[in-house]
Amino acid sequence: MIKAVFFDIDGTLTSLRTGKIPQSTYKALEQLHQKGIKRFIATGRHIIDVDLTPVRDISFDGYVTLNGQICLDGSRKSFYDNPVDSEDAEYMVDLFEKKELIIVIAEMNRKYINYLTEEDLKLQKMNLIPKTDVGTYKGEKIYQFMLHSNIEIAKEIASQLKKCKATHWPPDGTDIIPSYGGKVIGIQKTLEHYGIRQEETMAFGDGDNDKEMISFAQIGVAMGNAEDDVRQCADYVTTDVEEDGIMKALQHFHVL
């Protein structure tokens, strides 16, 4: 019996084309709640950025944020966090301060970028990328670095880190988190916190950072708009987010 469902946001709950949540998904989330099935977010976003999406209007039972680096309960209180190793953080902060590459730093309650291009400012004004203010590092724990670069440069930087790994997201983004990290770790900590077993879970995703959680869940679902390698990890491939994919998968497995 499924007792918990984990959802990615971008391309899963929300359409990458419109940025909106389909009405069928709102309905599915409400029906899960009525049946007593817990609903969780599992995203690469900081909770600050979660609140820039329509997801902010839905009360979830918990949030696995920053690819599992910070886990929050339904009241947004942190019950697990896993910061970047200090030596790797020092290396990345040095790159951040050189400003040769656009880098975002995510802390527990703060997220900031080293510099913004004219194109970034334009995209922010159009609400096509999350608004991120320019900031400076002041010594706080860091939970994730986000690079705006092509994959080759990102891989080269990641190869210099001893205790971190990189996850790519299209078109030119990479998240760097601790090697002992990822959405699965965050999900495991969440299940422990709520007393739920792995075999009672279902997960929905569409991107590279969703592959592990789709494989981990008892029922792993790839959206119809998911990349091919994500589909290969899934127990089931549903339709596109805009084609009622979440509702159809929940009905297919008789969760609803």
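Helix H6 has 12 residues and reaches 16 Å from its first C-alpha to its last, close to the 16 Å expected at 1.5 Å a residue, where the expected span is 1.5 Å times one less than the number of residues. Helices here are DSSP runs of H or I with at least four residues, and strands are DSSP runs of E with at least two, both numbered from the N terminus. This is a predicted model, in which local features need pLDDT of at least 70 and side-chain atom pairs count only at pLDDT 80 or more, while totals for chains, interfaces and linings use all residues. Residues are numbered from 1 along each chain as its sequence is written, and side-chain values use heavy atoms, with hydrogens and water left out.

The buried residues of H6 are Lys-183, Val-184, Ile-185, Gly-186, Ile-187, Thr-190 and Leu-191; buried means under 20% relative accessible area, exposed means over 50%, and partly exposed lies in between, for a 1.4 Å probe and protein chains only. After H6 comes Gly-195, whose phi is positive, near 70°.

Lys-183 also forms a salt bridge with Asp-210, the closest N and O atoms being 2.4 Å apart, a salt bridge being a side-chain nitrogen of Lys or Arg within 4 Å of a carboxyl oxygen of Asp or Glu. Because Lys-183 lies in helix H6 (residues 183-194) and Asp-210 in the loop between S11 and helix H7 (211-216), the pair ties together parts that are 27 residues apart in sequence. Both Lys-183 and Asp-210 are buried. Side chains of opposite charge can pair when their charged atoms come close.

The structure holds 15 salt bridges. One of them joins Arg-17 to Glu-242, with the closest N and O atoms 2.7 Å apart, and this pair links distant parts of the chain, since Arg-17 is in the loop between S1 and H1 and Glu-242 in the loop between strand S13 (236-237) and H9, 225 residues apart. Arg-17 is exposed, with a relative accessible area of 65%, whereas Glu-242 counts as partly exposed at 35% relative accessibility. Arg-110 forms a salt bridge with Glu-107, the closest N and O atoms being 3.7 Å apart; here Arg-110 counts as partly exposed at 26% relative accessibility, and Glu-107 counts as buried at 4%. Lys-3, Arg-197, Glu-199 and Glu-200 are linked in a network of salt bridges.

From the charged pairs we turn to the sheet. Five strands form an open sheet in the order S7-S6-S8-S10-S9, with antiparallel pairing, and two strands are taken to pair if DSSP finds at least two bridges between them. Its edges are strand S7 (111-113) and strand S9 (164-169), each of which pairs on one side only. Neighbouring strands of this sheet are turned by 20° against each other on average, direction ignored; axes are lines fitted to C-alpha atoms, for helices over the stretch in contact, and angles run from 0 to 180 degrees between N-to-C directions. S9 and strand S10 (residues 173-178) pair in the antiparallel sense over six bridges, and within this stretch of the model His-168 stands opposite Thr-174 in S10.

Two helices meet this sheet. Helix H3 (residues 86-98) lies across strand S6 (102-106), S7, strand S8 (144-148), S9 and S10, and runs at about 135° to S6. Helix H5 (residues 151-158) packs on the sheet and touches S8, S9 and S10, its direction making about 15° with that of S10; contact means heavy atoms within 4.5 Å.

The largest nonpolar core has 37 residues, and those with the most contacts inside it are Phe-7, Phe-60, Met-202 and Phe-204; such a core is a set of buried Ala, Val, Leu, Ile, Met, Phe, Trp, Tyr and Cys residues joined through side-chain atoms within 4.5 Å. The largest share of this core, four residues, comes from H9. Leaving aside neighbours within four places in sequence, Met-202 is in contact with residues including Ile-2, Phe-6, Ile-219, Leu-250 and Val-255. A second, separate core of 18 residues includes Val-84, Leu-95, Ile-103 and Ala-154. In soluble globular proteins, nonpolar side chains tend to be buried together.
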